[in-house]
Number of protein chains: 2
Amino acid sequence: MVQYTTACLDASFAALSDATRRGVLEQLGRADASITDLAEKFHMTLTGMKKHVGVLERAGLVITEKVGRVRTCKLGLRALEEEAGWIDRYRQLWDARFDELDKVVEELKRKEKVDGRNKS
Amino acid sequence: MVQYTTACLDASFAALSDATRRGVLEQLGRADASITDLAEKFHMTLTGMKKHVGVLERAGLVITEKVGRVRTCKLGLRALEEEAGWIDRYRQLWDARFDELDKVVEELKRKEKVDGRNKS
DNA sequence: TAGATACTGAACCACATGGTTCAGTATACG
DNA sequence: CGTATACTGAACCATGTGGTTCAGTATCTA
């Protein structure tokens with residue numbers, strides 16, 4: 001069963017479709033951070049950053065924990081395995097497809113030659 | 001310069017965030033198809049499917065050509081190289097980050113042992 | 001030339017996104 | 001206790017998404 005949980009892919013690809021969120025992931029790869037840290041780094045209000053973190057969290061890419069007044073964000077337990085898997089699978093398909101088209105082109109060229117010969 | 005064109009990543013990750021569009025890509029990996037073909041396959045109106053194809057086309061993942069009344073869709077020239085690249089880079093970061101955290105945990109365990117020894 | 005086919009564009013709908021402000025609440029510090 | 005800090009939630013805004021219908025236009029085919 002190579003059935004990916006499509007809802008999961010939906011959420012994580014959507015999460016990755018924003019430069020700020022990709023930046024947050026890279027940032028958290030270097031060090032855990034509070035909402036305030038991230039908001040400053042990306043020149044955004046706390047509320048705005050909290051929404052981005054929410055999206056990442058819902059996609060399972062980030063986990064957060066509140067201790068005292070501070071909510072600390074860190075990378076989640078998934079390292080985009082399924083996403084990388086889907087893309088790899090697609091790239092194989094893509095390669096195969098273009099190989100196939102190459103063959104078709106070859107075939108056409110071969111036929112053209114024959115046609116040319118017939119005409120002359 | 002490892003500066004990815006963020007707008008491009010934005011568009012293609014967004015394009016991948018919908019199951020129908022991922023399905024269309026897989027389908028086009030098997031054979032070129034008209035808008036009608038795709039609309040039928042995914043149980044959708046022509047207009048609806050055309051929008052999806054538009055999103056894929058704007059992301060550079062699909063190219064289309066109209067001959068007579070039929071618009072034929074085929075895979076674009078990009079095989080998600082940049083997207084795969086970003087994800088790979090992230091996965092490396094993720095691995096490094098978790099290795100680092102492991103070390104911290106080790107360190108804490110070591111200290112705990114010492115504390116225990118001091119208490120007893 | 002008439003009718004079927006294939007697409008296209010505008011308009012609409014409900015809902016999500018990316019951002020803001022403003023008014024809270026909860027916690028830390030002096 | 002009082003004040004500053006850190007977050008939270010509601011409400012708003014403009015824009016985009018995923019889908020529809022309806023009314024075209026353009027192209028085939030008989």
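User: By class, how many nonpolar, polar and charged residues does the surface near DNA strand D have?

Analyst: This is a predicted model, in which local features need pLDDT of at least 70, side-chain atom pairs count only at pLDDT 80 or more and totals for chains, interfaces and linings use all residues, while side-chain values rest on heavy atoms, with hydrogens and water left out. Residues are numbered from 1 along each chain as its sequence is written, and chains are lettered from A and ligands numbered from 1 in the order in which they are written. Ala, Val, Leu, Ile, Met, Phe, Trp, Tyr, Cys and Pro count as nonpolar, Asp, Glu, Lys and Arg as charged, and the others, Gly among them, as polar, and a residue is near a strand if one of its heavy atoms lies within 4 Å of it. By these classes, the surface near DNA strand D has 4 nonpolar, 8 polar and 8 charged residues.

User: What percentage of the atoms of DNA strand D that come within 4 Å of the protein do sugar and phosphate account for?

Analyst: DNA strand D is surrounded by 20 residues, and the closest are A:Thr36, A:Lys50, A:Arg69, B:Lys51 and B:His52. Among the atoms of DNA strand D that come within 4 Å of the protein, the share of sugar and phosphate is 68%.

User: Which element gives the largest share of the surface near DNA strand D?

Analyst: On the side of chain A, polar side-chain atoms lie 3.1 Å from a sugar or linking oxygen of DNA strand D for A:Lys66 and 2.5 Å from a phosphate oxygen for A:Arg71, whereas on the side of chain B an N or O atom in the side chain of B:Arg21 is 2.5 Å from a phosphate oxygen. Two or more residues of this surface come from each of helix 3 (35-41), helix 4 (46-58) and strand 3 (70-75) of chain A and helix 4 (46-58) of chain B, where helices (H or I, at least four residues) and strands (E, at least two) are DSSP runs numbered from the N terminus. The largest share, 4 residues, is that of helix 4 of chain B.

User: What percentage of the atoms of DNA strand C that come within 4 Å of the protein do sugar and phosphate account for?

Analyst: Around DNA strand C there are 20 residues, of which A:Arg21, A:Lys51, A:His52, B:Thr36 and B:Lys50 come nearest. Sugar and phosphate make up, of the atoms of DNA strand C within 4 Å of the protein, 66%.

User: Why is the relation of chain A to chain B that of a particular kind of axis?

Analyst: Superposed by least squares on the C-alpha atoms of residues with pLDDT of at least 70 in both, chain A can be laid on chain B with an RMSD of 0.0 Å by a turn of 180° and a shift of 0.0 Å along the axis.

User: Which element of chain A gives the most to the side that touches chain B?

Analyst: Between the chains, 36 residues of chain A are in contact (heavy atoms within 4.5 Å) with 37 residues of chain B. The count of salt bridges (a side-chain nitrogen of Lys or Arg within 4 Å of a carboxyl oxygen of Asp or Glu) is 6, and B:Asp32 forms one with A:Arg97, the closest N and O atoms being 3.0 Å apart. Helix 1 (6-16), helix 2 (19-30) and helix 5 (81-119) of chain A give two or more residues each to this side. With 12 residues, the element that gives the most is helix 5 of chain A.

Methods
Polar contact = N/O pair within 3.5 Å; in protein donor to acceptor, adjacent residues only side chain to side chain.
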